[in-house]
Amino acid sequence: MFIFLGKRMAQSVFILLGVTLITFCLAFLMPADPVRMLAGRSATQATVESIRTQLGLDKPLPVQYLKYLGRLMQGDLGRSYKQKTEVTELILSRLPATLLLMAGTIFFELLIGIPAGIFSANRRGTATDNWIMALSFAGVSVPQFVMGLLLLYMFAHIIPIFPLGGYGSLQHLILPALTLGISGGGWYSRMMRSSMLDVLRQDYIRTARAKGLSEWAVVLIHALRNAVLPVIAMIGLDIGIFMAGAVVVESVFGWPGIGQLAWQAIQMVDIPIIMGVTLVAAIGIVVGNLLADLVMPFVDPRIYLQ
Amino acid sequence: MIVLFTVSAVFAPFIAPHPPDEQFFEGLTLEGAPLPPNSNFWLGTDLLGRSLFSRLLYGARTSLIIGIAANGAAVLIGAILGITAGYVRGKVGMVIMRFTDLMMAFPALLLAIALAAIFKPSLWIVAMVIALVNWVQIARVIYSQTIALVEQEYIEAVKSIGAAWPRILFIHTVPHLWPTLLVWGTLGIATTVLLEATLSFLGVGVRPPTPSWGGIIYESQSYFLDAPWLVFFPGAAIMLLSLSFNLVGDALRDILDPTQRGHQ
């Protein structure tokens, strides 16, 4: 158990190092010269050079990379070129909004996905099953920005029960979280369905049926517990998909999270912010994967950690 | 549905009632607002008075070209890396698979946005960016399948009668991977169509005036409460195209992949 944990941690650290290397290279490939953008068009050559020295951008690349890593270790993601503030601070101030959106998204994903999956598994092979599965595909096939705009149009414009976007109350959270929840819910319903079908094939379910329990009692009391846990453990693997969705949905709904921050930074070629957000997202993904791996054996004791 | 979209894309110049880039004077109201669907402009006009129906037809070209090119490239990269890693194993295999793990940890959309911001996006650049992001999963699937195949007894039998490695690889291994590649290739087009639309919607996709479904929505986003058709029709087009590739891919999997059959 501990050996496995150690190995996985070491692996995660290597992956994160690789991520920093790639973000660093990407930032360097950006066509716009950040020094020029900072100094403005009319700056003299001398001003440009002094800013370059000040930012340490005149050093050789490996030196810049090592310095960057050293600062990362201290939790310092550098300073934003445009907003003149610490990137760490910016991200921390935006993080709660994104985490809130994530909680809302997970809520809707499970709320949609689990009942749909159970129902579909229970009616396997029927028209109901086919319709639910077709709908789940439709859910994942609608681009999130289209779904977001449609929900806005329906529930903020035609029937104005929700605000047109922004941040602050539960009312603001519902539409963006629902947008992400619909596409995620599509995947969860498919996973829930196949997990449920696996459980329903087992012997103890036949026993439960044999003692005369009603079909719903078998499904909800005996099968659900075993079927739902693996699905819930998948949440940890979902963070990458969520981050991509967050960039889109936060920009549609004006939700002030790190997705919107990343988006604004890319428009302004604010490299430290882009690198910072990518890194934070990558940490989220790596930690999520690690958690999913660690939770699995508790959920299903047949899985051993090696 | 796929056939319908393909026909629209290929024959767009013949079907389109108006040129996609022409701004019609009568395509705007007197106040300069876009027109809702009417008998002349079947799906209405956009902010510049262009025919939305014609732009959607040409947009199908963009989506399909990117969908097929980008996904084809992604499948190719994924297959080559996956097969190499699975067949050669050892250090080469480990390096490739570690790199794949690394790419899995990368938020794909952020990476695509960053790449698209670096290379000034044109149709082919966007396709390339998507391919660079999308090969990862295919590589993983192919890798694990190749490993399982190579360990089977018949491969050992072939080896023991002295077959050279190209023969083992191309005649005895790769043909077994075709079904998987076909399924993932089809499902991947759905993902690619969505990713292209999303990039265009975020303004880092195909550059205007090339019509792209995501781009049409991006251009009219701030106007959509007054002109919902500018979001609704391209949105429906993206969804239908992506949905049909998803459904076909799913059906192919049921037919071709016997290991999944138990779940049906």
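Colleague: Which is the crossing of α4(B) and α6(B), left-handed or right-handed?

Modeller: The crossing of α4(B) and α6(B) is left-handed. Please bear in mind that this is a predicted model.

Colleague: At what angle do the axes of those two helices cross, and within what distance do they come?

Modeller: Helix α4 of chain B covers residues 90–104 and helix α6 of chain B covers residues 123–150. Their axes cross at roughly 140 degrees and come within 9 Å. That makes α4(B) oblique to α6(B), because angles count as roughly antiparallel when over 145 degrees and as roughly perpendicular from 65 to 115.

Colleague: Which residues meet there?

Modeller: From α4(B), the residues are B:M97, B:T100, B:M103 and B:M104. They meet B:V136, B:A139, B:R140 and B:Y143 of α6(B). Sorted by class, this contact has 6 nonpolar, 1 polar and 1 charged residues.

Colleague: Staying with chain B, what span should α3 have, and how far apart are its ends?

Modeller: Helix α3 of chain B has 37 residues, 52–88, and at 1.5 Å a residue it should span 54 Å. The end C-alpha atoms are 52 Å apart, which agrees with that expectation. After α3(B) comes B:R89, which has a positive phi, near 55 degrees.

Colleague: Let us turn to chain A. How many helices and strands are in its secondary structure?

Modeller: Chain A has 13 helices and 0 strands. Its C-alpha atoms fill a box of roughly 85 × 60 × 30 Å along the principal axes.

Colleague: What span should α4 of chain A have?

Modeller: Helix α4 of chain A has 13 residues, 61–73, and should span 18 Å at 1.5 Å a residue. Its end C-alpha atoms are 19 Å apart, which agrees. The helix α4(A) is followed by A:G75, and the phi of A:G75 is positive, near 75 degrees.

Colleague: Into which domains is chain A divided?

Modeller: Domain 1 runs over 2–73 and domain 2 over 87–299. The centres of the two domains, taken over C-alpha atoms, are separated by 33 Å.

Colleague: How many residues of each are in contact?

Modeller: In domain 1 of chain A, 12 residues are in contact with 11 residues of domain 2. On the domain 1 side, α1 and α2 (34–39) of chain A each supply at least two residues. The largest share of that side, 8 residues, comes from α1(A). By class, the domain 1 side has 8 nonpolar, 3 polar and 1 charged residues.

Colleague: Next, the two chains together. How many residues of chain A are in contact with chain B?

Modeller: There are 36 residues of chain A in contact with 31 residues of chain B. The elements that give two or more residues to the chain A side include α1 (2–29), α6 (127–141) and α13 (271–299) of chain A. The largest share of that side, 7 residues, comes from α13(A).

Colleague: And what is the side of chain A like by class?

Modeller: The side of chain A that touches chain B has 29 nonpolar, 7 polar and no charged residues.

Colleague: α6(A) has come up already. At what angle does it pack with α10 of chain B?

Modeller: α6(A) and helix α10 of chain B, residues 229–256, pack at about 130 degrees, and their axes are 9 Å apart. That makes α6(A) oblique to α10(B). The crossing of α6(A) and α10(B) is right-handed.

Colleague: Which residues of α6(A) and α10(B) meet?

Modeller: A:F137, A:A138 and A:S141 in α6(A) meet B:M239, B:S242, B:L243, B:N246 and B:L247 in α10(B). This contact has 5 nonpolar, 3 polar and no charged residues. A:F137 also takes part in the contact of α6(A) with α8(A).

Key
Residues numbered from 1 in each chain as written. Chains lettered and ligands numbered in written order. Predicted model: local features only at pLDDT ≥ 70, side-chain atom pairs only at ≥ 80, totals over all residues. Contact = placed C-beta atoms within 7 Å. Helix = DSSP H or I, 4+ residues; strand = E, 2+ residues; numbered from the N terminus. Nonpolar A, V, L, I, M, F, W, Y, C, P; charged D, E, K, R; others polar. Axes fitted to C-alpha atoms, helices over the stretch in contact; angles between N-to-C directions. Parallel < 35°, antiparallel > 145°, perpendicular 65-115°, else oblique. Left-handed = near helix turned anticlockwise from the far one by under 90°. Expected span 1.5 Å × (residues − 1). Domains from an automatic or database assignment.
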